[in-house]
Each structure stands twice: as C-alpha cells, then as structure tokens.
Amino acid sequence: MKKKHIKSFWRGKKVFVTGHTGFKGSWLVLILKELGAKVTGFALDPISKPNFFDDLKLSKFLQKDYRENIQNFTKLNNAIKKAKPQLIFHLAAQSSVLVSYNNPDDTIKTNILGTFNLLKAVKINKSVKSTIIVTTDKVYLNEDKKINFDENSRLGGYDIYSSSKACCEIITESFRNSFVDNYKCRLATVRSGNCIGGGDWTEDRIIKDCVDAFVKDKKLLIRSPNATRPWQHVIEPIFGYLKLAEKLYGNNGRDYIGSWNFGPTNVNLNVLNLAKLGKKIFNSKSKIIIRSKKNKKHEAKYLSLNSKKSMRRLNWKVFMKPNMSLRLTFDWFKVFYFNKKNKNEVINFTFKQIKNYQKLIKNF
C-alpha cells in the first residue's frame, strides 16, 4: 500500500485509543495524527518521570483526553459512547513482568478485567467497526527451546503478566465467538516483539537503564547479558496494527479476525551488545557491569516470533535491523535530554522519524 492510500483511509477517521499515555500509546497517537485521524484517548496518568505523553504535552493532538481506569466499565463505556469511534486500539495494560511479581492483583484486574470491559463496550457501541487488542510476545508458553512462535503456538505464561496477557487472547476469542457479530465489528489480537523507541522510561527496561547511565556517565548494571529478545522499533508493529485495522474495517474484514504476530523472526543482538551499542552512540564513559547475583525472578533467555502470516497476508515486513532501531531510539533520547527547554524540537524530531519511516516503506 502506498503512503497516499494509507493516509486517505485514516484521514478523518474517529479512533479511540486506550493506554494512550503510555510509551507505545504515545507513538500511536502521533502516528494517527500524522495520518489525519481524530483521536480520543482513555488511560491513567503516566507512571514514569519523565514521561513521553505529559512532558511533551501530547494531549493537544487529541479530541478528548480521558484520564480514567480501564477497570471502571461505566466510565469507559460512556467515553466510547461520546466519542463514537469507528476504530479502537486497546493498549491499556500493566506491562511489566517484574511489576506483576510485586502487584499481581492489579495486573490481573487491569489486563484481564480491563480487556473484558473493553470488549463489552465494543459490543454495545455500534459505531465501532474494527478493534485491535494489543497483547504481547510473552503470551506463548516459553520453555527456552529456541522456538519461533507462530500464532498457533501454545499459549501460556510462567509469570502473572504473561499469563494475564494469554488470558486476554483467550477471552477475546471466546467473547468474539459468543457475542460479537463479525459482520458489524471485527476483532483481532496483535503480538509484537520487544518494542523500543524514544520516550520509554518504563521501570526495569534495558533501554531506560542504558539512557540513565549513559547520559550521566554512570555505571550500567545489566542482568542476563546473553539473553536475546525480538528487538524492534515501536513504529514497525504500529504500522502493522494500522494495516490490520484497515483490513478489518473493509468489506472482507471477517477474513482478518484472529491473532497476528508483528515481530522480527531473526534475533541477532543480545542485551550486552545492545548496551555496548548504546554506549557508543552516546559516546559515554560509563562502565558496563554484569550483575553476578542471580535474578530470583524467572525470565526467559530466548524469545522469537514467526510473523510469516502478517508478511504473507498483510504485506507487512520488518524494515529495520536491530542496530538501526537502537540508533533511532538512542538518537531520540539525545534530542530529548539536550533540548529540555524546547519540547517542540523533540516533537518535531519524533514526527521526522515517523515521516522518514513512511518514506522507507513507500510501497507499504
């Protein structure tokens, strides 16, 4: 699909985004703005300081900025009723594996009950024609056997975060089968790799730890240096979500319901090499130190996705290798920290990265 086509579809569309104040949600808001959509957001306040959404005052790009909890069905349903969206992207979630160990109750309520509330609201509000439920690559039962998980791989989850997201997949499928008329509204779930990009200050994320250390030339402590992940810039899966949402909206939308992977299959960068590249980009004097103390909380060492379904049926592909994704990410943070008094410069730089990516995928 050419750039003109994708813009013509989204121009003027009413879009409702849950979790819009988060890292991925902030990027989605700006991309939809660039495409000409009218966006309404529904989320809690950002939990990190600094944060992408509020620090750069991104609410000016929204029709309405609701700061409410996805666990409250009445407020969620009323917001959707007022917005009358044609398309919904559900990103609101407790998104940290380690946080799920410390606060399993809220993880379950937010990820499972919150998704169920969204599904109920979709059923009630007839304006909605296309809905994307964003889960994670961690929905798969990962036994560190170096499997490239595809959409038919067994779901599971060692930790509460992963299992709660696997539950979202199951609930979405059963809700769709039981209550949703697929002729009127089409539902799909999407699973991306480990998304990186400017503006992610989520606790216990390797990018945040790198930036914190390299900006101030502090020591960087890393755990699991040899662990690999399907690193990808956040822009890449978002454009996949957009393509899928458009397909769901179309006359043959029923053919696109179900689950979809949007991640790189070939992982060739581990945590230690990621950190070394970041140090080089920042020209930092930081020392990288590997933690000798074993992490008591379980984390899989290997994770990779098979995204052939999206490549074949949506003409989606990964254009950026991990090194390029990391360079874009660290370049964004350099602009942010060196332009603290001029936040418009950071926003303009973000839009520039989006537009450059659109040029990269001119045949998208």
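Helices (H or I, at least four residues) and strands (E, at least two) are DSSP runs, numbered from the N terminus.

**Entry 1: the model**

I noted that this is a predicted model, in which local features need pLDDT of at least 70 and side-chain atom pairs count only at pLDDT 80 or more, while totals for chains, interfaces and linings use all residues. Residues are numbered from 1 along each chain as its sequence is written, and side-chain values use heavy atoms, with hydrogens and water left out.

**Entry 2: backbone**

I looked up Ser 224 and found it in the loop between strand 9 (220–222) and strand 10 (231–233). Ser 224 is not a glycine, yet its phi is positive, at about 50 degrees. At 35% relative accessibility, Ser 224 counts as partly exposed.

Lys 57 also has a positive phi, of about 55 degrees, although it is not a glycine. I located Lys 57 in the loop between helix 3 and strand 3 (64–67). Lys 57 is exposed, because its relative accessible area is 58%.

Is the peptide bond from Lys 49 to Pro 50 cis or trans? I found that this bond is cis, with omega near -5 degrees. Pro 50 belongs to the loop between strand 2 (38–43) and helix 3 (52–55).

**Entry 3: salt bridges**

Side chains of opposite charge can pair when their charged atoms come close. A salt bridge is a side-chain nitrogen of Lys or Arg within 4 Å of a carboxyl oxygen of Asp or Glu. How many salt bridges does the structure hold? I recorded nine.

In one of them, Arg 191 pairs with Glu 169, and the closest N and O atoms are 2.8 Å apart. This pair links distant parts of the chain, since Arg 191 is in strand 7 (residues 186–192) and Glu 169 is in helix 7 (residues 160–179), 22 residues apart. Arg 191 counts as buried at 3% relative accessibility, and Glu 169 counts as buried at 4%.

I next looked up Arg 205, whose side chain meets that of Asp 200 in a salt bridge (3.2 Å, N to O). Arg 205 is partly exposed, with a relative accessible area of 26%, whereas Asp 200 is buried, at 3%.

Lys 208 and Asp 212 form a further salt bridge (2.8 Å, N to O). These two residues are four apart in helix 8 (residues 206–215), so about one helical turn separates Lys 208 from Asp 212. Lys 208 counts as buried at 12% relative accessibility; Asp 212 is partly exposed, at 24%. I also noted that salt bridges with shared partners join Asp 45, Asp 54, Asp 65 and Arg 67 into one network.

**Entry 4: Thr 131**

Thr 131 lies in strand 5 (residues 130–134). Thr 131 counts as buried, because its relative accessibility is 0%. I listed its contacts (heavy atoms within 4.5 Å). Leaving aside neighbours within four places in sequence, Thr 131 touches residues including Ile 88, Leu 118, Cys 185 and Leu 248.

**Entry 5: Asn 78**

I placed Asn 78 in helix 4. Asn 78 is partly exposed, with a relative accessible area of 36%. Asn 78 and Asn 125 are 47 residues apart along the chain, and their C-alpha atoms are separated by 9.7 Å.

Key:
Buried < 20%, exposed > 50% of the residue type's maximum accessible area, 1.4 Å probe, protein only.
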